[in-house]
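Biologist: Could you take one part of this model and go through it closely, giving the cut-offs behind each term as you use it?

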Amino acid sequence: MTPHAAAHLFDLHDAVAIVTGASSGLGAEIARTLAGFGARVAVVARRADRLAALAHEIDGLAVTCDLSDLEHIESSIVPPVVETLGSPTILVNAAGNRFTEQQAESEPLDAIRRTLDLNLLAPFQLARAVFPHMRDTGGGAIVNISSISGRVGVPGIPQASYAASKAGLSGLTAELAVQWARHSIRVNTVAPGFFRSEITDDLYDSERGARYLRRNTPLPKEGSAHDIVGAVLWLAADTGSYVTGQTIVVDGGWTAR
Ligand SMILES: NC(=O)c1ccc[n+]([C@@H]2O[C@H](COP(=O)([O-])OP(=O)(O)OC[C@H]3O[C@@H](n4cnc5c(N)ncnc54)[C@H](OP(=O)(O)O)[C@@H]3O)[C@@H](O)[C@H]2O)c1
């Protein structure tokens, strides 16, 4: 393949993307990157001011939505995207959070439910909402963002419900990939290790936390959202056209030890 043909595989000028969690961190970087490769991008989260600034920057669409409100995900996100940008061909489910730092035996049931709602059920709901549009336009790519904690236990940072929600994304990914393959809809998950963002700033900024991260990460550099975006782009674009149902770990070697 010529360099020109290879570069063409990343071209997203015909794509319409929805990126959740785009008001900060990884979601914002993914939205910028997809737009940089030509996609029309709708950015989704709760903080309207940040979304408006990003939408202005990338000439996209801001959609303010609380993804924990599962009943309203379909009606509040997909219709404005279809009307303004066109039928979605890429969905990146990057929104996520932890709601408790308790040991598993003490996690409040309400926090467990909130974690599963946001990290697992919301991506499922949104995937179902974009499905008819992707099917009718001949295909699409869905990329979920999970975590290495969906694959391995992480000592010293209790997160049982978070880990369960992220592991659930990998199961959902394989199942949707098989069910929807005949419509040329690819479904994959990227599982990051630790990288600096609003939810991990405190860990990186404390001497103890930074030492813990250095000790457990074979590659000698601090992870950032930039280190994760390449895998998402690869899976969303035609570069990933024969990849579906997979969970790709991007963790500086954390799980290779
Ligand atoms: N940072 C890490 O080390 C790490 C490691 C592994 C996996 N991850 C995963 O990577 C993804 C991105 O995380 P990040 O580190 O970039 O964190 P972040 O900067 O805190 O971003 C989280 C995003 O999710 C959105 N969000 C949270 N609750 C929401 C809700 N109820 N409705 C709509 N949007 C909501 C936030 O926007 P609003 O607050 O504006 O709603 C924000 O845009 C998450 O799924 C996270 O679990 C992160």
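Modeller: Helices (H or I, at least four residues) and strands (E, at least two) are DSSP runs, numbered from the N terminus, and the expected span of a helix is 1.5 Å times one less than its number of residues. This is a predicted model, in which local features need pLDDT of at least 70 and side-chain atom pairs count only at pLDDT 80 or more, while totals for chains, interfaces and linings use all residues. Residues are numbered from 1 along each chain as its sequence is written, and side-chain values use heavy atoms, with hydrogens and water left out.

Helix H9 covers residues 225-236, and because its 12 residues at 1.5 Å a residue should span 16 Å, the 16 Å between its end C-alpha atoms agrees with expectation. Buried here means under 20% relative accessible area, exposed over 50% and partly exposed in between, with a 1.4 Å probe and protein chains only; the buried residues of H9 are Ala225, Ile228, Val229, Ala231, Val232, Leu233, Leu235 and Ala236. Counting a contact as heavy atoms within 4.5 Å, the cover over these buried residues includes helix H2 (25-36) and the strands S4 (90-93), S5, S6 and S7 (247-250).

Of these covering elements, S6 is itself largely enclosed by the rest of the structure, because 8 of its 8 residues are buried. In a regular strand the side chains alternate between the two faces of the sheet. In S6 both faces are covered, with Ile185, Val187, Thr189 and Ala191 buried on one side and Arg186, Asn188, Val190 and Pro192 buried on the other. Two strands pair if DSSP finds at least two bridges between them, and S5 and S6 do so in the parallel sense over 6 bridges, with Val143 standing opposite Asn188 in S6.
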